[in-house]
Amino acid sequence: MKLNIITKENVFIISEIGINHDGSFNKAKKLIKLSKQSGAHAVKFQIRNIKKIYNKESKIKKNNTEGSNQYIFNVLKKTHLSLKQYIKLIDFSKSIGLKVGVTAWDQNTAKILKYKNVDFIKIGSPDFESLFLIEACLKVNKPIILSTGMSDLKSIKMNSNILKKYDFALLHCCSSYPPKNREISLKFLNTLKNLSKIIGYSGHEVGFNPTILSLFFGARIIERHITINTKDDGPDHSSSLNPVDFKKMCKLISKADYFLKKKR
């Protein structure tokens, strides 16, 4: 599967399930169904080996990236699903006609990327500069989508140069959850156009107006979190879309894309 194929005719909409399943296999399965009903083309999962990433030493280091935050460790522990459960969720997603992406946060879980029903790989903003992880993912030989939310232009240019021989796309992203409108800066998509054949937008804003507007700056991939209830406890629920709003967004994306094609 090539990114230039899946984005040729329509904007490619990814429903980010992430950890919004709250550790429930059945809830994850429900979110997959709701993603399909809402109009998404793909679902995406975040898979971590928390025992490898969050060892005793990393959890007590105050200056140590994500691992320093005891809150997020407890959330991830609570929402953890096994690799066997993820395999079942991936297979179910494929059975109802969805493509599947996986964000692997470490080299141990990068192994699941080789699974036949995984269509693309996602590198999240925190790992955009983790070259060892990116190199491990490149060996899988599947399309890679990268979010740029925590990197400066110099780093983005460097990684784009490394990836130029591969099938990849860059997503503009603001890593605030949720961001203020003034933080989003959709004009940065014009810069990304010069670095990648395919660009997109990964949004965390309340509502979806900036998401729709990103199409007018050339976004061909849209990634948004989905949740059953935005008021649920957890780090991502408040910056996610409920199924009703997700469906409204998908319809507006289709309409906006139609008029943009007519313009071209």
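Leaving aside neighbours within four places in sequence, D127 is in contact with W105, L133 and I134, where contact means heavy atoms within 4.5 Å. D127 lies in the loop between β4 (120-123) and α7 (131-138); helices (H or I, at least four residues) and strands (E, at least two) are DSSP runs, numbered from the N terminus. D127 counts as buried because its relative accessibility is 12%. Buried means under 20% relative accessible area, exposed over 50%, and partly exposed in between, with a 1.4 Å probe and protein chains only.

The model is predicted: local features need pLDDT of at least 70, side-chain atom pairs count only at pLDDT 80 or more, and totals for chains, interfaces and linings use all residues. Residues are numbered from 1 along each chain as its sequence is written, and side-chain values use heavy atoms, with hydrogens and water left out.

The interior may be considered next. A nonpolar core is a set of buried Ala, Val, Leu, Ile, Met, Phe, Trp, Tyr and Cys residues joined through side-chain atoms within 4.5 Å. The largest such core has 57 residues, and those with the most contacts inside it are F45, L113, L146, F246, M249 and I253. Helix α12 (residues 243-263) gives the most to this core, contributing 6 residues. Another core lies apart from it; this one has 11 residues, among them L3, I6, A42 and I221. In soluble globular proteins, nonpolar side chains tend to be buried together.

Neighbours within four places in sequence aside, F45 is in contact with E16, I17, I32, Y86, L89, I90, S93, V100, G101, V102 and T103. An α-helix has 3.6 residues a turn, so residues three or four places apart point the same way.

Helix α6 (residues 83-95) has 13 residues and reaches 18 Å from its first C-alpha to its last, close to the 18 Å expected at 1.5 Å a residue. That expected span is 1.5 Å times one less than the number of residues in the helix. The helix is followed by G97, whose phi is positive, near 90°.

D91 also lies in helix α6. With a relative accessible area of 27%, D91 is partly exposed. Its contacts, neighbours within four places in sequence aside, are with Y115 and N117. D91 and N117 are 26 residues apart in sequence, yet their C-alpha atoms are 6.7 Å apart in space. Their side chains make a polar contact at 2.8 Å. A polar contact is a pair of N or O atoms within 3.5 Å; within protein, one must be able to donate a hydrogen and the other to accept it, and residues adjacent in sequence count only if both atoms are side-chain atoms.

S240 counts as buried because its relative accessibility is 5%. Its side chain reaches the backbone oxygen of D236 at 2.5 Å. Leaving aside neighbours within four places in sequence, S240 is in contact with N20, H225, I226, T227 and T230.

D22, in the loop between β1 (12-16) and α2, has a phi near 60°, a positive value in a residue other than glycine. At 25% relative accessibility, D22 counts as partly exposed. N141 lies in the loop between α7 and β5 (144-147) and has a positive phi of about 65° although it is not a glycine. N141 counts as exposed, with 69% relative accessibility.

The cysteines remain. The structure holds 0 disulfides, a disulfide being a pair of cysteine sulfur atoms within 2.5 Å. C173 is in no disulfide, and the nearest cysteine sulfur, that of C174, is 6.9 Å away. C173 counts as buried at 8% relative accessibility, and C137 counts as buried at 0%.
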